Amino acid sequence: MTSKLDSHQYTLRDKASCCGVGLHSGRNVNLTIKPAPVDSGIRFLRTDLAEAEPLKAHMDKVVDTRLATTLGNGDFRVSTTEHLLAALKAFGVDNADIELDADEVPIMDGSAAPFYTLIKSVGKKRQNGYRKALRITQEIIFQDGDKVITISPYDGFMVAGKIQFDDSLISTQEFSFELGGELFEKEVAKARTFGYVEQVEELWANGLALGGNLGNVIAIHWNRKSVLNEDGLRYKDEFIRHKVLDLVGDLALLGCPVLGKVSAFKAGHAQHLGLMQAIADAPHCWEIVELKENGEHSVLHSIMNDTKEAAHGLLMPFLAPATLPSAA
Ligand SMILES: [Zn+2]
């Protein structure tokens with residue numbers, strides 16, 4: 001069995017910082033991404049909270065999926081994680097510590113491009129440890145009304161999205177791409193978040209999305225035929241490209257690389273979480289493999305044989321099936 005993924009883990013070469021407003025609060029947030037050791041994964045740290053434990057970027061820490069994906073543990077919350085996590089995933093960073101001095105990741109321009117540019121500017125460093133990947137062996141389906149999201153076997157990580165809106169501006173859009181290579185940077189990273197202008201106004205009236213403005217969100221005109229942003233769209237199908245970006249960022253919360261093909265129809269943050277929970281509930285449909293130099297991989301017996309507590313410190317803390325499926 002082979003896979004297209006690089007077998008080694010990576011972190012950043014050096015720390016990288018930026019500053020921007022929080023979408024919810026409208027206040028300035030300072031962000032620093034730092035290199036981290038092998039097998040530590042992506043973790044959030046709050047420099048404004050004394051003695052707070054680092055919060056792992058993991059699906060079992062999701063506390064809210066409205067507007068954006070919010071992670072939390074007690075008083076420790078971090079909102080709008082998806083665009084930053086998408087950039088780290090697409091650039092191939094496995095281990096990093098993300099320091100913030102507020103409870104949200106800055107929205108920047110509403111896309112992942114500023115984060116991607118930032119981490120690319122410092123570069124990534126290969127680490128002395130192999131990647132453990134979640135390899136899908138049988139299709140898993142999550143359905144929520146007319147919203148459907150599936151993941152099926154594939155030897156890389158392919159992401160496909162489709163949306164259907166009633167207006168003529170968005171209408172039906174489809175987009176798919178494979179992670180690795182330059183497609184994310186060129187075709188996906190710059191796609192911005194979007195909303196109908198009256199939705200944005202309603203959020204403001206309720207004291208939400210105070211940092212949202214035409215510099216970081218596409219506002220769709222009341223006439224449903226154009227956008228209020230003076231420079232228009234960055235891609236004709238920017239809407240589905242942003243949905244696919246969100247999907248990559250949310251699925252990063254599985255905590256390890258994925259070998260599978262995801263197809264999402266009308267899905268948002270809540271359905272992305274639904275799929276991850278469906279994966280957790282279906283251990284017979286996947287296995288954890290360690291990637292090897294020559295593109296091969298081996299099923300990791302050790303994780304399966306560990307206690308659940310021991311497995312919790314590894315990349316897939318949410319389950320360790322009692323019996324190992326037949327080795328690939
Ligand atoms: Zn988004």
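Modeller: In helix α5, 14 of the 14 residues are buried, so the helix is largely enclosed by the rest of the structure. A residue is called buried if 20 or more other C-beta atoms lie within 10 Å of its own, exposed if 12 or fewer do, and partly exposed in between, with the C-beta atoms placed from the backbone. Helices (H or I, at least four residues) and strands (E, at least two) are DSSP runs, numbered from the N terminus.

The model is a predicted one, in which local features need pLDDT of at least 70 and side-chain atom pairs count only at pLDDT 80 or more, while totals for chains, interfaces and linings use all residues. Residue numbers start from 1 along each chain as its sequence is written.

The helix α5 covers residues 238-251. From its first C-alpha to its last, α5 reaches 20 Å with its 14 residues, close to the 20 Å expected at 1.5 Å a residue. The expected span is 1.5 Å times one less than the number of residues.

One partner of α5 is helix α1 (residues 82-91): the two axes come within 7 Å and cross at roughly 80°. Such axes are lines fitted to C-alpha atoms, for helices over the stretch in contact, and the angles run from 0 to 180 degrees between N-to-C directions. The pair α1 and α5 is therefore roughly perpendicular. In this scheme angles under 35 degrees count as roughly parallel, over 145 as roughly antiparallel, 65 to 115 as roughly perpendicular and the rest as oblique. On the α1 side the contact involves Glu82, His83, Leu85, Ala86, Lys89 and Ala90, and on the α5 side Leu245, Asp246, Val248, Gly249 and Asp250. By class, the residues of this contact of α1 with α5 are 5 nonpolar, 2 polar and 4 charged. Here Ala, Val, Leu, Ile, Met, Phe, Trp, Tyr, Cys and Pro count as nonpolar, Asp, Glu, Lys and Arg as charged, and the others, Gly among them, as polar. Two residues are in contact if their C-beta atoms, placed from the backbone, lie within 7 Å.

Helix α1 also packs with helix α2 (residues 113-122), at an angle of about 45° and with the axes 8 Å apart. This makes α1 oblique to α2. Their crossing is right-handed; a crossing has that hand if the near helix is turned clockwise from the far one by less than a right angle, and is left-handed if anticlockwise. From α1 the contact draws on His83, Leu84, Ala87, Leu88, Ala90 and Phe91, and from α2 on Phe115, Tyr116, Ile119 and Lys120. This contact of α1 with α2 divides into 8 nonpolar residues, 1 polar and 1 charged.

Ala112 ties these helices together. Its place is the loop between β9 (96-100) and α2, and it counts as buried because 31 C-beta neighbours lie inside 10 Å. Not counting residues up to four places away in sequence, Ala112 touches His83, Ala86, Ala87, Ala189 and Leu245. Val188 is 76 residues from Ala112 in sequence, yet 8.2 Å from it in space, C-alpha to C-alpha.

Phe175 sits in strand β15 (residues 172-178) and is buried, with 22 other C-beta atoms within 10 Å. Leaving aside neighbours within four places in sequence, Phe175 is in contact with Gly161, Asp237, Ile240, Arg241 and Val244. Val262 belongs to strand β18 (residues 258-265) and counts as buried, with 25 C-beta neighbours inside 10 Å. Beyond neighbours within four places in sequence, Val262 is in contact with Ile149, Ile151, Val159, Ala160, Leu247 and Leu251. Val262 and Phe175 are 87 residues apart in sequence and 12 Å apart in space, C-alpha to C-alpha.

The buried residues of helix α6 are His269, Gln271, His272, Leu275, Met276 and Ile279, and what covers them includes β12 (140-144), β13 (147-152), α5 and β19 (286-291). Helix α6 (residues 269-280) has 12 residues and spans 17 Å from its first C-alpha to its last, close to the 16 Å expected at 1.5 Å a residue.
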